[in-house]
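Subject: Structure handover

Hi,

Here is the structure I promised to pass on. Please open it first, then read the notes below it.

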Amino acid sequence: MDTVDVRRAERSLKHVQVREYVRDLLAAAEPGTAAPSERELVAQFGVARMTVRQALDALVGEGLLERVPGRGTFVAQPRHRTGQLTSFTEDVRRRGMLPESQTLLARREQAGPGVARALSITPGDAVIHWKRLRRADQQVVCIEDAYLNEVLLPGFLQSGMPTSLYDALSARGLRPNWAEDSICADAAEAEEAQLLEVPVGSPVLRHSRRGLLDDKPVEVSRTVYRHDRHTVYVQLGGDS
């Protein structure tokens with residue numbers, strides 16, 4: 001074995017050592033527990049930061065750890081089965097943070113053509129429009145616009161706005177069990193930038209969702225995320 005091969009083997013072994021150390025350290029830890037920082041692991045093992053990052057990347061790929069932008073790396077919640085939807089509130093709690101919502105608008109409106117088509121209703125039919133500014137650990141994460149078929153939710157606006165939309169839908173037996181999602185990158189417009197506390201034109205992620213209960217459309221939402229405070233996780237495949 002030549003010198004180059006020896007060095008590669010040594011780097012590989014160190015990567016495995018770091019990976020298995022972190023795995024053993026956090027084996028019984030609760031979801032949301034912080035993993036050792038890259039700096040700590042570099043100092044402990046005397047290896048390059050790239051080696052540590054490779055070890056942590058492997059554990060993130062396995063679903064044992066997850067990275068939260070701006071906060072660090074944490075023990076992940078067990079992965080959900082394919083098709084199980086989570087709300088913003090549930091997702092933020094799963095990441096070990098405190099969710100908060102500020103209602104910007106909550107009113108009855110007439111459905112426009114796009115919303116009507118998505119909800120399988122007629123343009124002009126009554127819908128509930130609920131717009132919120134959403135935070136995690138007091139930091140602004142996104143702006144969410146949700147549209148709901150008022151016929152399915154009588155008295156929704158009169159009963160006080162819930163903490164979680166999906167919890168409110170669950171209580172009525174209307175929680176979506178599958179969705180059509182689309183995500184694209186864009187630039188923040190003036191009003192969005194002000195609410196998200198970023199300069200106009202900053203990168204954002206636009207997430208559109210059509211949530212359905214079996215074959216019944218329940219919600220249509222459009223969410224604008226700060227790119228530096230949100231990571232999209234997608235699980236493909238499932239039980240055969």
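Helix H2 passes helix H3 in a right-handed crossing. Keep in mind that this is a predicted model.

Some detail on that helix pair. H2 covers residues 38-45 and H3 covers residues 49-62. Their axes come within 9 Å and cross at roughly 115°. On the H2 side, the contact is made by Glu 38, Arg 39, Leu 41 and Val 42. H3 brings Arg 49, Val 52, Arg 53 and Leu 56. By type, the contact residues of H2 with H3 split into four nonpolar and four charged, with no polar ones.

Next, the nonpolar cores. The largest has 14 residues. Which of them touch the most other members? They are Leu 148, Leu 153, Phe 156, Leu 165, Leu 169 and Leu 174. At least two residues of this core come from each of strand E4 (126-136), strand E5 (139-149) and helix H6 (165-171). H6 gives the largest share, four residues.

Take Leu 165. Leaving aside residues up to four places away in sequence, Leu 165 touches Trp 130, Arg 132, Ala 146, Leu 148, Phe 156 and Glu 219.

Another core lies apart from the largest one. This other core has 13 residues, including Val 22, Leu 26, Leu 56 and Val 60.

Last, the cysteines. The disulfide count is zero. Is Cys 142 buried or exposed? Cys 142 counts as buried, because its relative accessibility is 0% and the cut-off for buried is under 20%. Cys 184 is partly exposed, at a relative accessible area of 41%.

Best wishes

How values were computed:
Residues are numbered from 1 along each chain as its sequence is written. This is a predicted model: local features need pLDDT of at least 70, side-chain atom pairs count only at pLDDT 80 or more; totals for chains, interfaces and linings use all residues. Side-chain values use heavy atoms; hydrogens and water are left out. Axes are lines fitted to C-alpha atoms, for helices over the stretch in contact, and angles run from 0 to 180 degrees between N-to-C directions. A crossing is left-handed if the near helix is turned anticlockwise from the far one by less than a right angle, and right-handed if clockwise. Contact means heavy atoms within 4.5 Å. Ala, Val, Leu, Ile, Met, Phe, Trp, Tyr, Cys and Pro count as nonpolar, Asp, Glu, Lys and Arg as charged, and the others, Gly among them, as polar. A nonpolar core is a set of buried Ala, Val, Leu, Ile, Met, Phe, Trp, Tyr and Cys residues joined through side-chain atoms within 4.5 Å. Buried means under 20% relative accessible area, exposed over 50%, partly exposed in between (1.4 Å probe, protein chains only). A disulfide is a pair of cysteine sulfur atoms within 2.5 Å.
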